[in-house]
2 protein chains.
Amino acid sequence: VLDERVAGTLFSEVTAITETASGTFSAEIHPNWTIGGKPNGGYLLAVLGRAATTVGHHTHVLATSAHYLSAPQPGPVVIHTELLRGGRSASQVRATLVQGETSCVEALVTAGELDPDAQPYWSAGVPVRDFADFDKSVRVPAQTPVGIEVLIMDEVDLRLDPAVLNFAFGAPSGAGELRGWLALGGNEDFDPCSLLYAVDAFPPATFEIAPTGWVPTLELTAYVRALPAPGPLKVLQQARLIEGQKVDEACFVWDSRDRLVAQATQLAGIRLG
Amino acid sequence: VLDERVAGTLFSEVTAITETASGTFSAEIHPNWTIGGKPNGGYLLAVLGRAATTVGHHTHVLATSAHYLSAPQPGPVVIHTELLRGGRSASQVRATLVQGETSCVEALVTAGELDPDAQPYWSAGVPVRDFADFDKSVRVPAQTPVGIEVLIMDEVDLRLDPAVLNFAFGAPSGAGELRGWLALGGNEDFDPCSLLYAVDAFPPATFEIAPTGWVPTLELTAYVRALPAPGPLKVLQQARLIEGQKVDEACFVWDSRDRLVAQATQLAGIRLG
């Protein structure tokens with residue numbers, strides 16, 4: 001059962017796009033899908049993914065890579081797309097999110113068709129974790145003691161396993177890992193497009209290393225591996241290396257069947273090291 | 001000591017670019033830097049990285065993401081670049097490798113300046129492996145029993161730890177992991193640009209799962225984390241999930257000081273699952 005306090009913007013609505021010319025779309029970045037006033041990077045990537053799969057000949061994002069140029073303000077944006085290659089099994093599209101004269105995010109997207117009946121052939125390389133139950137996990141609030149308003153947390157139901165909440169008591173474990181659950185409001189189920197948000201939805205895994213301010217994403221790559229079953233997702237977010245004021249994080253996302261449905265890496269700036 | 005059979009094309013030569021117009025470059029894809037006649041994907045990305053750091057205001061590739069559209073033939077190619085954003089701390093560039101009328105690879109590049117004196121602040125998320133010594137590791141030959149000519153193996157000195165050679169005896173371990181060493185010919189040391197080749201240099205980690213043919217890269221993302229010290233690199237290549245005829249692999253690269261200098265993920269097609 002979702003927390004009753006989920007404010008209720010629909011993911012499908014806040015990522016809606018309108019084609020205004022061939023390959024050009026308008027969209028409206030919602031002010032609530034933000035961290036300290038800046039739109040979540042995975043949310044922006046989902047909007048670009050929606051445009052890319054409209055322009056290409058294929059339904060599902062399989063792989064996408066975004067470089068973040070400049071954070072847009074909430075409000076109207078334009079998405080320019082170019083079909084780089086339309087093949088039989090995959091479409092490859094460039095999509096750029098622009099606000100005014102400023103390019104904010106550019107992404108490359110390889111789209112294809114995921115087979116709903118596909119099964120893992122080999123998955124021994126995927127990390128295995130125990131997750132506390134959804135009902136036993138702790139919802140992340142929009143109002144945080146560190147002073148940043150994370151409004152997006154009121155729009156989704158994001159819960160952390162109590163075992164990774166050490167940072168909240170001022171005693172990060174040092175493991176550099178967060179895990180928990182993610183559900184959308186309005187009973188919306190996940191699809192390949194909203195999985196692009198899921199891989200960037202969690203707080204920085206560095207919270208379990210040392211306190212920092214905002215950790216802005218420079219690059220985010222996501223692979224969608226299977227069509228997600230209905231229900232909340234399990235998410236594992238792992239830091240690997242902090243050096244030269246950069247951190248890389250890996251993300252693994254499982255659906256309610258415990259199938260790995262998405263995975264991602266990102267490089268972000270951080271005020272450590 | 002490098003194997004005397006390293007044929008001796010220089011990496012700096014086979015990735016050389018010439019600016020023919022503002023932001024446009026010509027290059028020559030070398031016929032020996034190929035697997036079954038197709039250029040190595042990391043080699044192509046290194047050429048794009050070279051162009052991107054020439055156009056931008058920053059020296060070192062920090063993060064790059066490439067989507068592979070169509071394999072070029074060895075021979076002349078043209079690289080088109082566009083500076084998406086030239087900031088104080090980073091330049092962000094789009095680079096496209098074109099042959100004739102065909103776009104072959106498009107990459108986004110975030111470049112900056114790596115500090116030679118930076119030290120890891122936290123690195124507990126990086127995998128740890130024992131590597132057999134360089135001299136005790138086994139060089140991968142260009143002529144393989146499976147019939148594919150991997151000419152690139154004559155141009156570099158790539159050695160596998162004997163512990164991961166089970167596949168060569170027809171008995172893959174199932175671990176989905178390869179590790180070993182990489183050195184360039186002509187005593188050339190690695191730099192951020194050649195690290196983009198290093199993260200895609202190894203055979204597919206799936207060799208230690210099941211025999212397959214060519215595993216073509218669809219998407220490759222690389223992060224360069226430090227300036228590499230002189231000497232051969234240690235490389236760890238790991239498969240994670242094979243499903244729906246796709247496999248994702250992660251790569252970790254250490255220099256002679258045992259510092260993590262690069263890491264990467266790729267999504268590739270595979271005739272399994």
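Reply:

**A close look at Q238(B)**

Leaving out residues up to four places away in sequence, Q238(B) touches R129(B), G176(B), E177(B), A205(B), D248(B), E249(B), A250(B) and F252(B). Keep in mind that this is a predicted model. One of those neighbours, E177(B), also has a side chain joined to that of Q238(B) by a polar contact of 3.3 Å. Is Q238(B) buried or exposed? Its relative accessibility is 10%, and buried means under 20%, so Q238(B) counts as buried.

As for where it sits, Q238(B) is found in strand β14 of chain B, residues 233-243. Now hop over to chain A, where strand β14 (residues 233-243) pairs with strand β9 (residues 120-122) of chain B. That pairing is antiparallel and runs over two bridges. If you want a spot to look for, I242(A) has W122(B) in β9(B) as its bridge partner.

That brings us to how the chains meet. Chain B and chain A each put 55 residues into the contact. The area buried between them is about 4,600 Å², with carbon and sulfur atoms giving 58% of that. There are six salt bridges between chain B and chain A, including one where the side chains of E106(B) and R94(A) meet at 2.6 Å, N to O. Polar contacts across this interface come to 41 residue pairs. On the side of chain B that touches chain A, strand β5 (residues 60-68) of chain B gives the largest share, six residues. By type, that side of chain B divides into 27 nonpolar, 18 polar and ten charged residues.

Terms used: Residues are numbered from 1 along each chain as its sequence is written. Chains are lettered from A and ligands numbered from 1 in the order in which they are written. This is a predicted model: local features need pLDDT of at least 70, side-chain atom pairs count only at pLDDT 80 or more; totals for chains, interfaces and linings use all residues. Side-chain values use heavy atoms; hydrogens and water are left out. Contact means heavy atoms within 4.5 Å. Buried area is the accessible area (1.4 Å probe) that two parts lose on being put together, summed over both. A salt bridge is a side-chain nitrogen of Lys or Arg within 4 Å of a carboxyl oxygen of Asp or Glu. A polar contact is a pair of N or O atoms within 3.5 Å; within protein, one must be able to donate a hydrogen and the other to accept it, and residues adjacent in sequence count only if both atoms are side-chain atoms. Helices (H or I, at least four residues) and strands (E, at least two) are DSSP runs, numbered from the N terminus. Ala, Val, Leu, Ile, Met, Phe, Trp, Tyr, Cys and Pro count as nonpolar, Asp, Glu, Lys and Arg as charged, and the others, Gly among them, as polar. Two strands pair if DSSP finds at least two bridges between them. Buried means under 20% relative accessible area, exposed over 50%, partly exposed in between (1.4 Å probe, protein chains only).
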